[in-house]
Amino acid sequence: MTVLIDAQGINTHYGESHILFDVNLQINAGESIGLLGRNGMGKTTLIRTLMGHIRPTAGSIKIRGADHTRSEPHQVARQGIAYVPEGRGIFPNLDVRENLLVAARPGVNGRNDWTYERVLETFPRLTERLQHGGQQLSGGEQQMLAIGRALMTNPDILILDEATEGLAPLIIAEIWRIIGTIRETGVATLIVDRNYRKVLANTDRCVVLEKGVVVEEKESATLINQPDLLTRYLGV
Ligand SMILES: Nc1ncnc2c1ncn2[C@@H]1O[C@H](COP(=O)(O)OP(=O)(O)OP(=O)(O)O)[C@@H](O)[C@H]1O
């Protein structure tokens with residue numbers, strides 16, 4: 001199995017604050033990983049470190065075996081790592097069609113599975129809004145557009161941080177359906193979401209962070225039957 005991302009011994013600081021402690025995270029091609037933990041435990045910081053937004057103070061990050069510990073975000077993105085941050089990140093002044101087309105590019109090794117047409121098939125709601133500006137969309141539509149834009153880069157992995165945050169229940173259900181579809185196509189996923197049941201149901205394996213330390217790493221199907229652990233680390 002190809003190891004897509006291999007982060008070892010990651011330590012990350014914000015100024016004087018030590019946030020991540022010796023974190024190891026390995027993601028194989030096509031694998032779905034959930035990142036669980038209460039608020040402020042370091043999930044977003046880990047993702048931002050992997051993406052090159054923050055440089056770790058110790059540890060190494062390899063992507064397909066090549067060292068990317070000191071790479072910039074655009075270099076990481078070029079490796080087929082697509083990140084949909086909390087709060088989205090679409091172009092408000094471009095319409096839906098433009099937002100998608102401007103992101104389009106072949107993936108690593110020239111893969112071009114996700115075309116404009118295929119993204120629209122996956123997000124029928126966006127098809128009805130093609131001429132709408134980004135700022136005219138509802139929160140749920142903006143989220144779908146952000147995911148659609150990420151897919152247009154033909155990524156090997158899609159990283160979703162709180163993709164369902166603040167959305168209406170029907171839209172949340174739609175986003176989870178889409179995540180399931182993406183997973184079936186063989187794109188790896190790294191998912192952070194408050195709904196731990198949904199994360200467990202939609203991933204192969206979960207990593208639990210507590211105060212910047214990996215305290216559990218288990219198959220999702222195993223973890224779902226361990227309510228004591230979930231209570232201890234997630235307070236549920
Ligand atoms: N830019 C920053 N500067 C300083 N400290 C920060 C910064 N961003 C986050 N932190 C701190 O780092 C710690 C980890 O935050 P992080 O956002 O990674 O947690 P999280 O698990 O993603 O939680 P949440 O779900 O609340 O986003 C928290 O104590 C937070 O206050």
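Helix α6 covers residues 139-151, and its 13 residues reach 19 Å from the first C-alpha to the last, close to the 18 Å expected at 1.5 Å a residue. The expected span is 1.5 Å times one less than the number of residues. Helices (H or I, at least four residues) and strands (E, at least two) are DSSP runs, numbered from the N terminus.

This is a predicted model, in which local features need pLDDT of at least 70 and side-chain atom pairs count only at pLDDT 80 or more, while totals for chains, interfaces and linings use all residues. Residues are numbered from 1 along each chain as its sequence is written. The protein chain has a mean pLDDT of 94, and 100% of its residues reach 70 or more; pLDDT is the predictor's confidence in each residue, from 0 to 100. The model scores are ipTM 0.95 and pTM 0.94.

Because 11 of its 13 residues are buried, α6 is largely enclosed by the rest of the structure. A residue is buried if 20 or more other C-beta atoms lie within 10 Å of its own, exposed if 12 or fewer, and partly exposed in between, with C-beta atoms placed from the backbone. The buried residues of α6 include Met144, Leu145, Ile147 and Arg149. Among the elements that cover them are β6 (81-84), α3 (96-103), β7 (157-161) and α7 (169-184).

Isoleucine 191 lies in strand β8, residues 188-192. It counts as buried because it has 24 C-beta neighbours inside 10 Å. Leaving aside neighbours within four places in sequence, isoleucine 191 is in contact (C-beta atoms, placed from the backbone, within 7 Å) with Gly34, Leu35, Leu160, Val199, Asn202 and Thr203.

Technical notes: Two residues are in contact if their C-beta atoms, placed from the backbone, lie within 7 Å.
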